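I opened this notebook to keep track of what I looked up, entry by entry, as I went through the structure.

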Amino acid sequence: EAKISGDFERFMNWADEARRLKIRTNADTPRDAAQAVKFGAEGIGLVRTEHMFFDGDKIKAIREMIVAKTPEQMEAALAKLEPMQQEDFEGIYEAMEGRPVTIRYLDPPLHEFVPTKPEDIAELAAEMNMDVEELTAIIDGLHEVNPMMGHRGSRLDVSNPGIAKMQTEAVIRAAINVNKRHPEWNIVPEIMLPLIGDLKELKYVKKMVTDTADQIIADEGVDMDYHVGTMIEVPRAALKAGELAEEAEFFSFGTNDLTQLTFGFSRDDAGKFLPEYYAAKIYENDPFAKLDQEGVGELIEIAAERGRNTRPDIKLGVCGEHGGDPVSIEFVDGLGLDYVSCSPYRVPIARLAAAQAAIKHKK
Ligand code: PEP
Ligand code: MG
């Protein structure tokens, strides 16, 4: 476990006095969240909920959800997932002790979750009372040529409304429970919808969220607020930000996908040809590591301006990898965004970079 010593902490506190940007962290476990708080994180800007399902029984339950064919199979899978999610969220809220937490709804590239090993397929088939051939056909049917541009993010909620309902139940019930234990924290969950590209799409998924959340809040007889916002990850969302801001209380720029889709470079494969681009002096940097201040930066600037025109107090943040890169931090400080969110170990770097950026921009 990493610790920050006295002198270093004093120095970092000076940096905090200078900076304007808030620094949040990307964390999917209470352990990472607590570590980030020690490093000075002021909240969580991104909980990748699909990461909470990578281990043990959890991956089995999410596999059941992904291959479900009948409404009964889907319902059975979601009933297993909901209490797991609720417990995970309670752990995260506890670790953050009332600091803001943005929970991003499921965005699993399906290929990362479907079973491939014969023994896993056999086990899943037995669990779901299917024969192996039937399950294998379903898995084959899930194959996508471009999974990163496929059936992921909010698109899953449009096809399977039960998923957004399940996650909302877990988010809201967890917050109600933790607020009962710690009324002083007054947790206001921030629900973030991934890969949105159109206002109607946002409205459609948001309605599932608000119907479910409002019902639970009324049934429980508690007085609790929550926020709904969206990621800006597809170029269309950046251009349509003025409309999206009618329904989104906050935007978080998912600069990993936004870079991928703006350049048309695969996040997972671009490393194979980018070195030749540096050699040919076409590009200087890896745009996945250093925010492209031209094309991608222009889209962020457009989205921030159009979003603020519609909703002047809209909260704006960055939660892609660039949120921990000093040059990218300086760029988004210049646009007046509210926060960046980065991995726990980059939080101190982000605090310093944000201070340097603020000092530079004040001159
Ligand atoms: C992003 O696309 O920048 C993002 C934060 O989401 P993910 O990396 O999970 O796709
Ligand atoms: Mg993304």
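**Helix pairs and the ligand shell**

I began with helix α4 (residues 71-96) and helix α8 (residues 161-181), whose axes come within 8 Å and cross at roughly 35°; axes here are lines fitted to C-alpha atoms, for helices over the stretch in contact, and angles run from 0 to 180 degrees between N-to-C directions. Helices (H or I, at least four residues) and strands (E, at least two) are DSSP runs, numbered from the N terminus.

I noted that this is a predicted model, in which local features need pLDDT of at least 70, side-chain atom pairs count only at pLDDT 80 or more, and totals for chains, interfaces and linings use all residues. Residues are numbered from 1 along each chain as its sequence is written, while chains are lettered from A and ligands numbered from 1 in the order in which they are written.

I then looked up the residues where α4 and α8 meet, which include Leu78, Leu81 and Phe89 in α4 and Met166, Val171 and Val178 in α8, a contact meaning C-beta atoms, placed from the backbone, within 7 Å. The contact of α4 with α8 divides into eleven nonpolar, five polar and six charged residues, where Ala, Val, Leu, Ile, Met, Phe, Trp, Tyr, Cys and Pro count as nonpolar, Asp, Glu, Lys and Arg as charged, and the others, Gly among them, as polar.

Next I turned to helix α15 (residues 326-334) and helix α16 (residues 347-362), whose axes cross at roughly 45° and come within 9 Å. α15 and α16 are therefore oblique to each other (angles under 35 degrees count as roughly parallel, over 145 as roughly antiparallel, 65 to 115 as roughly perpendicular and the rest as oblique). Among the residues making this contact I listed Pro326 and Ile329 of α15 and Ile349 and Ala353 of α16.

Which residues lie around ligand 1? I found Leu46, Arg48, Asp107, Glu233, Gly254, Thr255, Asn256, Asp257, Cys319 and Gly320, each with its C-beta atom, placed from the backbone, within 6 Å of the ligand. The largest share of this shell, three residues, comes from α12.

Last, I checked the UniProt record, an unreviewed entry, whose "binding site" annotation covers Glu233 and Asp257; such annotations may be inferred rather than shown by experiment. I placed Glu233 in the loop between β5 (227-232) and α10 (235-239).

Technical notes. Contact = placed C-beta atoms within 7 Å.
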